[in-house]
Amino acid sequence: MPHPSSNQKDTESGLAGIMAGHTNICSLDETLRYRGYAVSDLVQCSFEEIAHLLLWGDLPTATQLEAFTGRIQHAAQSIPQTVVCCFQGLAETSPQTSIMDVLRTGVSLLGQLECDNGPKESPRAHDLSQERMKAEQLLGQVPALLATWIDCLRGESPSRWPNKPLAPALLEKLCHTKASNIATTVFNTTLILYAEHEFNASTFVARTVTSTGSDMHSGVTAAIGTLKGPLHGGANEKVLHQLMDIGVPENIEPWLARKLNDHEVVMGFGHRIYKTGDIRADLLGDACHRLIYSDSTYEKHQKLEKLAYKLEQLLFEKKELRPNLDWPAARVYHALGLPINLFTPLFVVARVSGWTSHIIEQMGNNRLIRPLAKYVGQAPRPYVSIEDR
Ligand code: CMC
C-alpha cells in the first residue's frame, strides 16, 4: 500500500522556489543580468565578449577580446584526429543519431583524450585558471564538433574552421555561404541569450557533477544529456514541429483546444520562473521580427510569423501563458535556413559558456551537493523469506 502522503502535492515538487546555492554569475531578480549587466544591454556585444564576461568575470578590453577570440578559434581548428575518425565511423553506422548524442559523445571523448581528472581537492587560483583554459577550449571545440559531424555525414573530410568570431564562423560552416550582416547579428543574439540562465536543470546537473570532485568534461557531458530533454533545450526543435503541424491559421483553434484538452504542453511557452514574461523572448522576438521583415530574402517566412503571432495571442487569452526564449529562437533558426535537428545543439554551443563558468564557480567554493528526499513509500513491514512469499 502506498504511503498516505504520496498524494500530497509538496510545495518543493520539482524543487520549485527552492534556493539551492549562491552564484556570482547570473541573477533573475528584477531583470536577467549576467555578472551585474542587464542582458538588454549585453545583446549589442559579440558572443565572445559575453563568454569572456561569464568565464573571467568582466567584459574584455579590445586587446583581451582579440586574444580570447584567437584562443577560441585555435581550439575550433584543432579537433583531434581520433575524434574525427570516431565521428566518421558513427556517421556510417548511425547517421540518424540525434546530434545532441553526437555532442555528448564528442565532449566525453575530448575529456578522455585530455585525461581530464578535474582540479586538485582544494583548487588554488592556479588550478582554476587551468580550468578556465579548458573552458575556452570547449567554447571553440563544441561548435567545431557540430561542423565536423555535418562534414562526416556528407562523407567529406572536415573543412577548416574560418578565422572569424564564432557567430559568423559557425553560420558560414552550417549554411555553406557567407551570411548577411543582419543574419549574423540575430544569430549572435540567440547565442548571447542562450549563454546563461542561473540554476536551470542542465547547469544544476553540471554543478552537481562538479561537487563530487569530478572534472569539467564530465560536468559538460552530463549537462548536454540534460539539455536534450523537451522540457528544457529540446523545446526549440519541438516549437518548429508544432508550427509545421498546425500549418494554416484555421487550424490553430482546434489544434490548441485538443492540446489543452489532452493536458499536453505547448512547446515554447511557460517557464518555471518567469510567470509574467521572459525578457529573452521579448528581446529575441523583436530581433526575429526585424530579420523576417528586413528584406525579400525572408518574405516566405512571414506566413509562419503570422501563424506564430496568432497562436501566441490565443494561448495568452486561454491560459495567460507567455512565450519563453525557445519560441522566437526556433523561428530565427528556421528563417536562417538551419535544419531543425541543429536547434538544440546550437543551444549547447552557447550554454557551454554558462556551464563552464558555473563549474569553475563550484570548484572554487565546493561542497558536495546532496539534498534529502521525503520518503513516501511503504510503511515499515516485516521481511518475508522467499519460501513464504
Ligand atoms: N502549455 C500548456 N500549459 C502549460 C504550459 C505550456 N507550455 N506551461 C505550463 N502550463 C500549465 C501547466 O500545465 C499548469 O497547468 P495546471 O495548473 O492546470 O496544472 C500551469 O500552466 C502551471 O505550470 P507550472 O507548474 O508553473 O509549470 P512548471 O514550472 O512545472 O513548468 C515548464 C515549466 C517550462 C516545464 C513548462 O512551462 C513547459 O513544459 N513548457 C513547455 C516546454 C518548454 O517550452 N520548455 C522550455 C523552457 S525555457 C528554455 C529552457 O530553460 O530550456
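1. In which helix does Ala183 lie? Ala183 belongs to helix 8 (residues 181-194), where helices are DSSP runs (H or I, at least four residues) numbered from the N terminus. Residues are numbered from 1 along each chain as its sequence is written. The model is predicted, so local features need pLDDT of at least 70 and side-chain atom pairs pLDDT 80 or more, while totals for chains, interfaces and linings use all residues, and side-chain values use heavy atoms, without hydrogens and water.

2. Ala183 counts as buried because its relative accessibility is 3% (buried means under 20% relative accessible area, with a 1.4 Å probe and protein chains only). Leaving aside residues up to four places away in sequence, Ala183 touches Leu171, Leu291, Tyr298 and Leu336; contact means heavy atoms within 4.5 Å.

3. Helix 11 (residues 235-246) packs against helix 14 (residues 302-319) at an angle of about 100°, the axes lying 11 Å apart. Axes are lines fitted to C-alpha atoms over the stretch in contact, and angles run from 0 to 180 degrees between N-to-C directions. Helix 11 is therefore roughly perpendicular to helix 14 (65 to 115 degrees). Leu240, Leu243 and Ile246 of helix 11 meet Leu304, Leu307, Ala308 and Leu311 of helix 14. By class, this contact has seven nonpolar, no polar and no charged residues, with Ala, Leu and Ile among those counted as nonpolar.

Note on methods. Helices (H or I, at least four residues) and strands (E, at least two) are DSSP runs, numbered from the N terminus. Angles under 35 degrees count as roughly parallel, over 145 as roughly antiparallel, 65 to 115 as roughly perpendicular and the rest as oblique. Buried means under 20% relative accessible area, exposed over 50%, partly exposed in between (1.4 Å probe, protein chains only).
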